[in-house]
Amino acid sequence: MITRPKGTNDFLPPTTAGWQYVENILREMAAVYGYREIRTPIFEATELFQRGVGETTDIVTKEMYTFSDKGGRSITLRPEGTASTARAFIEHKLHGGTLPLKLFYMGPMFRYERPQKGRFRQFHQFGIEVFGSKEASVDGEIIAFAMDFYRRLGLTDLKVRLNSVGCPVCRAEHKRRLQEFLRPHLEEMCGDCRERFEKNPLRIFDCKQEKCQSLLVGAPTVADCLCEDCRDHFERVKAYLDEADIPYDLDPFLVRGLDYYTKTAFEIILNEIGAQSAICGGGRYDGLIADIGGSDMPGVGFALGMERIFAALETAGVTLPVEDSLDVFFVALGESAKTHCFAWLEALRKEGLRAEMDHMGKSFKAQMKTADREKAAFVVICGDNELENNEIIIKNMADHAQETVSAASVTETIVRRIKS
Ligand SMILES: [Zn+2]
Ligand SMILES: [Zn+2]
């Protein structure tokens with residue numbers, strides 16, 4: 001038997017109805033917040049992600065689905081959505097249009113990860129990107145968008161973790177102060193960290209050695225070293241969040257994994273799940289567009305994992321109000337009755353009603369059972385006898401009330417009953 005590839009999912013009904021429900025909310029919200037959809041290819045030139053995500057990141061070094069196509073080009077299945085969106089922004093010269101440009105995307109992403117609970121090789125993300133604005137109000141807006149979305153789903157116990165990772169100016173200052181702080185303890189560090197000390201002392205925070213970690217207690221964070229511009233920006237982001245009643249915790253150790261982040265970095269945590277798993281992450285990336293060959297152009301955005309949403313809903317015990325019942329089921333017995341029911345079925349579907357009939361040649365009793373199982377609000381019972389007497393039965397399944405109508409008034413009666 002051929003099975004699906006490891007780390008992928010088949011989403012079957014009724015699960016897909018839940019996905020559609022969530023996707024519809026996201027589309028409605030994008031319209032309300034003024035974001036328009038962009039659809040980019042599932043695969044891109046490998047170089048885009050090397051430059052746009054960062055040569056040294058885990059995504060690029062370990063997790064990409066990269067292959068040569070028949071023309072010998074190196075192709076990669078997209079591991080995230082921001083690089084492709086930024087590439088399209090540059091390629092189509094969208095900087096020449098009205099700014100800021102506010103876009104959203106939704107679709108599958110691919111990373112070669114070790115399959116485990118909640119991690120998949122094909123997973124799905126919704127993301128938004130704003131290009132062209134340096135203003136802190138857009139940082140505030142995207143966080144508000146994400147929080148509003150989760151609240152609409154019924155996830156309310158949320159918190160934002162917020163930090164500023166500064167700009168290249170702040171980071172140079174941070175590097176200098178961190179080295180100054182650690183220099184007296186250089187001899188006590190592990191070999192790796194002694195090497196990191198000169199080149200990239202920030203990476204010492206990643207060291208697994210207890211000794212190295214203990215040396216970092218009280219070390220200066222980037223947030224301590226912000227330049228005036230970054231500090232002002234951060235203060236304004238916080239003011240916007242305060243104004244919108246969005247709760248946040250400052251977390252000076254929050255550094256998003258990607259190289260291109262500047263200033264605002266944030267994650268959203270569902271308290272029930274705990275700090276381990278952020279359900280949304282994003283921030284500002286003022287250097288990205290220039291990094292992949294565009295002009296100097298600020299940007300800010302977030303991505304949220306669709307699979308994580310459903311895991312979070314389950315943990316929080318939230319059931320989505322997914323509509324899966326029928327308005328009417330036709331129980332038909334006999335060829336002539338079936339033909340009439342088929343016509344009524346079509347007429348009602350054209351009215352937008354969810355209508356169904358038996359396609360399995362079932363008995364009367366079995367058809368009634370189907371109607372019950374499909375949660376039909378009304379059942380129309382029509383056998384050849386009923387047709388002959390022109391007495392079609394309409395049964396209200398909620399109160400079991402029955403009425404008898406003529407063949408000519410079946411559809412009209414059903415529409416009236418449903419709409420009242
Ligand atoms: Zn700065
Ligand atoms: Zn170390």
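Arginine 161 and glutamate 267 form a salt bridge (a side-chain nitrogen of Lys or Arg within 4 Å of a carboxyl oxygen of Asp or Glu), with their closest N and O atoms 2.7 Å apart. Arginine 161 lies in strand E7 (residues 158-164) and glutamate 267 in strand E9 (residues 262-270), so the pair ties together parts that are 106 residues apart in sequence. Helices (H or I, at least four residues) and strands (E, at least two) are DSSP runs, numbered from the N terminus. This is a predicted model, in which local features need pLDDT of at least 70 and side-chain atom pairs count only at pLDDT 80 or more, while totals for chains, interfaces and linings use all residues. Residues are numbered from 1 along each chain as its sequence is written, and side-chain values use heavy atoms, with hydrogens and water left out.

**Salt bridges**
- The structure holds 26 salt bridges.
- Salt bridges that share partners join Arg27, Glu37 and Arg39 into one network.
- Glutamate 47 pairs with arginine 51, with the closest N and O atoms 3.0 Å apart; both lie in helix H2 (residues 46-52), four residues apart, about one turn of the helix.
- Aspartate 69 pairs with arginine 73 at 3.1 Å between the closest N and O atoms.

**Exposure**
- Buried means under 20% relative accessible area, exposed over 50%, and partly exposed in between (1.4 Å probe, protein chains only).
- Arginine 161 is partly exposed at 22%, whereas glutamate 267 is buried at 14%.
- Glutamate 47 is partly exposed at 45%, and arginine 51 is partly exposed at 40%.

**Cysteines**
- The whole structure contains zero disulfides (pairs of cysteine sulfur atoms within 2.5 Å).
- Cysteine 167 is buried at 14%, and cysteine 170 is buried at 0%.

Conventions. Chains lettered and ligands numbered in written order.
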